[in-house]
Amino acid sequence: GKLGFAIVGLGKFATQQIMPSFKDCKHARITALVSGSPDKAKKLAQEYGVAEKSVYSYENFNSIKDNPEVDIVYIILPNSMHAEYTIRAAQAGKHVLCEKPMATSVEDCEKMIAACNKAGKKLMIAYRAHYEPFNLDAMERIRKGELGKLRAITSDHGRPVKPTEEKADSWRVVKKLAGGGSLMDIGIYALNACRYLTGEEPVEVTAQEYSDKSDPRFKEVEDNIHFTLRFPSGVLASCTSSYSYSEVKRGRVFGDKAWLDLDPLSDYYEHNMKIGDDKGKEEPKLKEGNQFAAELDHMAECARDNKTPKTPGEEGLKDVRYIMAIYEAAKKGKAVKV
Ligand code: NAD
């Protein structure tokens with residue numbers, strides 16, 4: 001049978017992308033909801049066929065340990081709350097799927113990994129691009145050498161943050177809840193892509209930040225932050241992250257034989273790939289899959305078959321470490337070894 005998921009935090013992403021994707025899952029179903037809004041939770045419980053006794057508040061969440069219908073807890077809360085709820089879920093004897101960024105400090109990431117290890121439970125970070133067909137195909141082509149030897153990567157990820165218009169953006173400009181600005185939220189896709197596209201870990205980072213401090217959105221968190229990553233093979237990656245430019249989520253890999261473009265690279269739907277060299281361009285037509293369903297099924301299979309997820313807690317921790325190094329490099333105006 002399908003494994004049961006408890007959804008913690010019934011915000012925009014949970015209700016608009018994740019919950020509707022369960023209908024495409026082979027191994028996952030929703031069996032509990034955790035929310036601070038009883039009315040919203042009740043309505044969604046009815047819509048998704050969740051029993052009334054399986055609707056929890058943040059206060060009585062620990063009693064989820066007594067609910068055998070729940071195998072996995074999926075944390076979709078503001079970033080700084082990921083650690084507390086991951087640890088409470090592990091202590092309740094549940095596997096954990098947690099949204100990106102894993103947490104707002106390296107220490108919190110380490111505590112989350114330790115708590116899940118201690119409980120003997122899986123911890124996976126919801127890096128959906130690792131379950132998305134165009135990104136998987138790009139990785140395969142690169143590993144097979146279709147682009148030749150990789151030389152460089154560029155990736156741009158940004159969108160205008162609108163805290164006064166969008167409820168989901170209101171906590172994103174509050175440092176205590178978000179941990180940081182565009183880099184924590186969306187630039188992380190560029191960072192993570194450079195790592196999975198090369199299959200390498202960076203050795204050095206540089207960065208420059210600029211945020212208009214007269215813009216009320218950027219009193220606490222950064223707007224524009226550009227960073228470079230140097231990889232052991234010599235690949236240089238150059239990334240931009242922004243909370244003020246018109247939405248872009250793209251990446252390009254430059255090999256000595258060909259280049260590969262993903263634009264968008266990290267959207268919810270409708271990805272595009274282009275591959276080109278001096279002889280011309282092609283646009284492989286791949287079948288768009290539901291990356292959210294693939295990710296949920298992967299988590300369920302790992303929990304069921306006692307396998308380590310492709311994107312475990314350690315993967316989330318690495319990005320949080322690099323993010324902190326990027327902030328440090330921007331602040332000091334010098335390269336930082338990682
Ligand atoms: P959101 O604000 O819509 O959802 C957050 C939920 O947490 C809300 O229901 C809110 O009521 C609840 N909450 C509980 N305590 C809160 C508090 N103290 N302050 C504010 N909200 C509180 O935000 P979202 O866009 O759904 O993002 C939630 C998480 O999901 C974030 O970690 C974000 O990075 C992640 N996310 C991931 C993706 C992706 O593509 N993987 C996309 C969007 C968001």
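Guide: About 230 Å³ of space lies in the second largest pocket. The model is a predicted one, in which local features need pLDDT of at least 70 and side-chain atom pairs count only at pLDDT 80 or more, while totals for chains, interfaces and linings use all residues. Residues are numbered from 1 along each chain as its sequence is written, and side-chain values use heavy atoms, with hydrogens and water left out.

Visitor: How is such a space found?

Guide: Rolling a probe the size of a water molecule over the atoms shows where empty space is left. On a 1 Å grid over the protein atoms alone, a cavity is a set of points where a 1.4 Å probe fits but cannot get out, whereas a pocket is an open set with protein on both sides within 12 Å along at least five of seven lines; lining residues have an atom within 4 Å of a point. Points are joined across faces, edges and corners, and the volume is the space filled by probe spheres set on them.

Visitor: Which residues lie nearest the centre of the second largest pocket?

Guide: They are Lys175, Glu209, Glu220, Glu222 and Tyr327, out of 15 lining residues. Helix α10 (residues 313–332) gives the largest share of this lining, four residues; helices (H or I, at least four residues) and strands (E, at least two) are DSSP runs, numbered from the N terminus. By class, the lining has five nonpolar, four polar and six charged residues. Here Ala, Val, Leu, Ile, Met, Phe, Trp, Tyr, Cys and Pro count as nonpolar, Asp, Glu, Lys and Arg as charged, and the others, Gly among them, as polar.

Visitor: How much space lies in the largest pocket, and where does it lie?

Guide: The largest pocket holds about 1000 Å³. Domain 1 (3–127 + 292–307) and domain 2 (133–288 + 320–337) both give residues to its lining, so the pocket lies between them; the domain bounds come from an automatic or database domain assignment. Of its 40 lining residues, Lys12, Phe13, Ala168, Trp171 and Arg172 lie nearest the centre. The elements giving two or more residues are α1 (12–21), α6 (167–170) and α8 (182–198), and α1 gives the largest share, five residues. The lining has 15 nonpolar, 11 polar and 14 charged residues.

Visitor: What lines the largest cavity?

Guide: Its lining consists of Tyr127, Arg128, Ala129, Ile188, Tyr189, Asn192 and Tyr196. About 40 Å³ of space lies in this cavity, and the count comes to one cavity of 30 Å³ or more.

Visitor: Which residues are closest to the ligand?

Guide: Lys12, Asn79, Lys100, Arg128 and Trp171 are the closest of the 22 residues that surround the ligand, where a residue is near if one of its heavy atoms lies within 4 Å. A side-chain N or O atom of histidine 82 is 2.9 Å from an oxygen atom of the ligand, and a backbone N or O atom of lysine 100 also lies 2.9 Å from a ligand oxygen atom.

Technical notes
A polar contact is a pair of N or O atoms within 3.5 Å; within protein, one must be able to donate a hydrogen and the other to accept it, and residues adjacent in sequence count only if both atoms are side-chain atoms.
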